[in-house]
Amino acid sequence: MRTTSGSPEGEPSPPGRLPLVERIGIPRPLAWGYLAVLVFMIGDGVESNYLEPYLTDWGFSDHSAGLVISVYGAFVAIGSWFSGALSTLWGPRRVMRLGAALWVAFEVLFLAVALPSGNHALVYVCYGLRGVAYPLFAYAFLLWVQLTSRSELRGSAAGWFWFAYSAGLPTIGSAFAAVAIPLVGAYATFWLSLALVAAGGLIGSLAVREAHGTRPVTAGERPRARTELLRGISVLRRYPRTGVAALVRMINTTPYFGFFVFLPSFFGDRIGLSTSEYLALVSFMGVIGILADPVFGRLSDRFGWRYTIALAGGAGCAAGVLVLYWLPQLDPGNYPLALAATVLYGIMLAGYIPLSALLPSLVREEDKGNAMGVYSLAAGLSTFVGPLTYAVFDPLVGHTGVVLIYAGMYAAGAVLTWLLLRVDEDPGELRAAAAAKEAATAGAPPA
């Protein structure tokens, strides 16, 4: 078994001799995979900001177009869960290939059959089923990253994954659509997104050959599919702390998705920003947040995964949502002030990056795929829970009450992380243990 590029297990390469990609936290054998995820997610993100109005213009009601997106989101959650279980059974690379193939197949059916036929039911089926595809591709690679990375660089490796993922969906994907639609039209832009996804799929399928991804995660005899899927469910019972970590992951982006329900009207009606100013605000928050992903990944490898999640992620985001809501109200119409408040929250969201390194460390090697399935499912559920929290509580307690609930979620997540998510592989815990041992050896009491 090899744990780092070019170095047998237990014999890591000296830091000075590591190539640049390794020094910044990207496992060299997987470098092409990061590019594959970036290109794939650019293609997937092309439609993110224009599909709903396109369907409305095409003949869907606002409600029906929204329902298409909801059906798609449900299948995203299903694909997120299966990405871990199937990677455990078949290996991450095969699951990535399956995800790319399903995306292309259902998109072709959506564009060549469902839309031209005028059959709304076919649109629901073809576009909805396509939702299983991108989690299979992206989250299988995230598991591959965790299996391949050296333990002291897993946070950095995860940070670069989320940089590639988020840069594609929705940031560069939306920018690509903004340029392409005026040139070739909305329908042709769908086909261009298909070409981008196919290119990303080919890069991931053919250019990445690292051994961990080409074989099942489980050692020994390969289990049956039904057995492995049941293990994917029972991992929550066998390792109760995975449920805690999954809850923390869901908290990570629950307020984020909930905010998008009412922030447009909040910044427009109460703060006095135009629609274009608000969109620029959110775009800038996204770009800064993406740049913060590898930074917090690197910091977590230095100071510890648990410390980073609890303090920067949990406590930082709790403060961030309060600042985001109250600071712009101190001087309505002050764009720099609103921008600073929004960017602060976007930066603090990156504090959760090391959770994708911490969660699989809670289980044995053969269950890491299932643990990542739990992580991915929690990420998918947040897209539903965030807006639901707003819909349920806003009529009862108003915007202010909802913001306080979101801040309370982050605070609770910070406490859960600090008390219950200590793992031996965490670089922070390893450094603390080494310092205590050195102090004991020197005859001084540990700090």
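Buried here means under 20% relative accessible area, exposed over 50%, and partly exposed in between (1.4 Å probe, protein chains only). The model is predicted, so local features need pLDDT of at least 70 and side-chain atom pairs count only at pLDDT 80 or more, while totals for chains, interfaces and linings use all residues. Residues are numbered from 1 along each chain as its sequence is written, and side-chain values use heavy atoms, with hydrogens and water left out.

At 38% relative accessibility, Leu-420 comes out as partly exposed. Leu-420 sits in helix H16 (helices are DSSP runs of H or I, at least four residues, numbered from the N terminus). Together with Tyr-307, Leu-311, Val-415, Trp-418 and Leu-419, Leu-420 makes up a nonpolar surface patch with about 560 Å² of accessible area (Shrake-Rupley, 1.4 Å probe; patch residues have over 30% relative accessible area and no salt bridge, and nonpolar side chains are joined within 5 Å; a salt bridge puts a Lys or Arg side-chain nitrogen within 4 Å of an Asp or Glu carboxyl oxygen). H16 gives the most to this patch, four residues.

Turning to the rings, the whole structure holds 35 aromatic pairs (centres within 6.5 Å; planes under 30 degrees apart are stacked, over 60 edge-to-face, the rest tilted). Tyr-54 and Phe-190 pair edge-to-face, at 5.1 Å centre to centre and 80° between the planes. This pair links helix H3 (residues 51-58) to helix H9 (residues 186-206), with the partners 136 residues apart. Tyr-54 is buried at 17%, and Phe-190 is buried at 0%. Phe-141 and Phe-161 have ring centres 6.4 Å apart and planes at 35°, so they count as tilted.

Notes: Patch = residues over 30% accessible without salt bridge, like charges linked within 9 Å, V, L, I, M, F, W, Y side chains within 5 Å. Helix = DSSP H or I, 4+ residues; strand = E, 2+ residues; numbered from the N terminus. Phe/Tyr/Trp six-rings, centres within 6.5 Å; stacked < 30°, edge-to-face > 60°.
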